[in-house]
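Me: Hi! I've just opened this one and I'm new to it. Can you walk me through it?

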Amino acid sequence: MPWQIRLHWLVAILLVITCVTIELRGFAEPGSAPWYALVVTHFSSGVTVFALMLARLFLLLCRRHASPAIAPKPPKWQTGMAHLTHTLIYLLLLTLPVLGVYSRYLGGKEWYLFGLSMPFTDVADRPQARMIIGWHKTLASFGYWLIGLHAAAALFHHYIVKDNALVRMLPLMKKR
């Protein structure tokens with residue numbers, strides 16, 4: 001199985017974990033052990049997504065490990081929309097972790113990745129940290145829609161267009 005497919009699904013799984021943990025955080029008592037576990041898992045999954053997206057970008061730029069081609073070849077407008085959507089997803093999944101980590105750094109309070117204490121500024125800039133986390137939340141909400149569009153396009157290609165756009169990215173399904 002090509003590396004781009006492996007990384008695609010690993011990122012997808014980590015995104016689910018990232019989103020679920022931050023949503024479940026609201027059900028835990030702030031400051032409690034479950035709350036910290038959810039927050040640290042959210043941060044750690046997000047940073048891992050960043051690293052995997054860098055790896056995907058590297059493989060994409062090398063052009064030795066590109067995603068398999070769609071057959072039959074889609075119209076140019078669909079290819080253009082796919083490239084735009086993928087570019088936005090890459091930008092989003094590289095930007096969100098940077099904003100999240102930077103907001104934690106500026107917050108001036110101890111925080112953790114993978115259970116390890118991370119650096120933070122001695123003089124907190126909480127207004128700046130809140131503004132950055134606001135951007136993070138806004139972009140994350142946009143990401144839900146963008147990834148939903150991505151999934152809907154895959155289903156459209158599979159059920160309406162009847163090409164291999166979805167199946168080529170599913171590691172366990174027999175190729176048509």
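**Order of the elements**

Reply: Starting at the N terminus, the chain's elements follow the order α-α-α-β-β-α. The model is predicted, so local features need pLDDT of at least 70 and side-chain atom pairs pLDDT 80 or more, while totals for chains, interfaces and linings use all residues. Residues are numbered from 1 along each chain as its sequence is written, and side-chain values use heavy atoms, without hydrogens and water.

Me: How many helices and strands are there in the chain?
Reply: The chain has four helices and two strands. These are DSSP runs (helices: H or I, at least four residues; strands: E, at least two), numbered from the N terminus.

Me: At what angle do H3 and H4 cross?
Reply: Roughly 155°, with the axes of H3 (residues 76–107) and H4 (residues 126–161) coming within 8 Å. The angle runs from 0 to 180 degrees between N-to-C directions, with axes fitted to C-alpha atoms over the stretch in contact. That makes H3 roughly antiparallel to H4 (over 145 degrees counts as that).

Me: And which residues make up that contact: nonpolar, polar or charged?
Reply: There are 17 nonpolar, twelve polar and one charged. Here Ala, Val, Leu, Ile, Met, Phe, Trp, Tyr, Cys and Pro count as nonpolar, Asp, Glu, Lys and Arg as charged, and the others as polar.

Me: New topic: is Gln4 buried or exposed?
Reply: Gln4, in helix H1 (residues 3–24), counts as buried because its relative accessibility is 1%. Buried means under 20% relative accessible area, with a 1.4 Å probe and protein chains only.

Me: What does its side chain join up with?
Reply: The side chain of Gln4 has a polar contact of 2.8 Å with that of Arg56.

Terms used:
Angles under 35 degrees count as roughly parallel, over 145 as roughly antiparallel, 65 to 115 as roughly perpendicular and the rest as oblique. Buried means under 20% relative accessible area, exposed over 50%, partly exposed in between (1.4 Å probe, protein chains only). A polar contact is a pair of N or O atoms within 3.5 Å; within protein, one must be able to donate a hydrogen and the other to accept it, and residues adjacent in sequence count only if both atoms are side-chain atoms.
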